[in-house]
Amino acid sequence: MAAGTRAVKSFQDGSKRAGIGMTSARTRERLVQRLREQGITNARVLEQIRNVPRHLFVDEALATRAYEDTALPIGQGQTISQPFVVARMTEALIEGSTLGKVLEVGTGCGYQTAVLAPLVRFIFSVERIRSLQDRARQRLRELKITNVHLRHGDGFEGWPAHAPYDGILMTAAPLAIPETLFEQLAPGGRLIAPVGPEGHQQLLRITRHNDELKTETLGLVSFVPLVKGTA
Ligand code: SAH
C-alpha cells in the first residue's frame, strides 16, 4: 500500500472510531453523565464507557442508538448488554483493584470484554455461538485489544486450563451458578452473575473467602439465559 493510501485509511479508521452525530463525543458524554447520575462512581469504568466505541459493536442500522442506555440485538437472539449494567458489573468486579485473570462467560459482541480489558491483566472469554465469537474477535483485533483470549465452548464448564481466576463475570443468566465455576474461582476472588429465570433475575456478587462464599445482591437485571452446549 502506498504511504498516501495508508494515511487515508488510518484517518478513516480513526474517524469511524471517534464517531459523528449520534455516535459523537458529545453523545457519549451524555451517556457517561447519565450513568454517573445513576450511581456509577468508578472513574476508570466511566472513562472506558466514554472511550469504547459501542457503535462498532452493533449493526450499522442500530449505530445511532448505540449510546442510549439500553440493550440492543446483536443477532442469533442475543443482545449487547445495557451500558449501565456493564458499568455496574465492571465496577463490582474490579472494586478499584487491578485483577489478574478474569473469566468471562458469554462474549457476545465483545463490548463488555472491551470495557473490562484495560482494567485487568487478562480476560479469558467463552462464547457458545461461533458466529458471534468470530465477529467479537475481529472487533477486538481492530481495537488493538491484546490481553483477551477467546474460546468457543460451553461456559457451564468455565475454562479450566487457566483457572483459578481472580474474577468471573457471567453475561448470561443461569438458574443457579454452576458449581464448576466456583471451583475455578481463586481465594478472595469475586464472581458477578445475573441469576434466575427470565423476568426475575438478581445480579449477584459472590466472594470466595477460603471455603466460605459471601453473597451480595446488586439489584434486578434482565439478561438472556445461559444455555447448555455450543452452536
Ligand atoms: N456481554 C455481552 C452480552 C452478550 S449476551 C455483550 O455485551 O455483547 C450473552 C451471551 O452469552 C450470548 O452471546 C450467548 O450466546 C452467550 N451464552 C449463553 N449461554 C452460554 C454458555 N453456556 N456458554 C458461553 N456463552 C453463552
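Reader: Which residues come nearest to the ligand?

Author: A residue is near a molecule if one of its heavy atoms lies within 4 Å of it, and of the 25 residues around this ligand, Cys109, Glu127, Asp154, Gly155 and Val227 come nearest. Residues are numbered from 1 along each chain as its sequence is written. Because the model is predicted, local features need pLDDT of at least 70 and side-chain atom pairs count only at pLDDT 80 or more, whereas totals for chains, interfaces and linings use all residues, and side-chain values use heavy atoms, with hydrogens and water left out.

Reader: How many cavities of 30 Å³ or more does the count give?

Author: Rolling a probe the size of a water molecule over the atoms shows where empty space is left. A cavity is a set of points, on a 1 Å grid over the protein atoms alone, where a 1.4 Å probe fits but cannot get out, its volume being the space filled by probe spheres set on the points; the count here is one, and about 60 Å³ of space lies in the largest cavity. Its lining residues, which have an atom within 4 Å of a point, include Phe57, Gly108, Cys109 and Arg139.

Technical notes. 1 Å grid on protein atoms, 1.4 Å probe; cavity = no way out; pocket = protein on both sides within 12 Å on 5 of 7 lines; lining within 4 Å.
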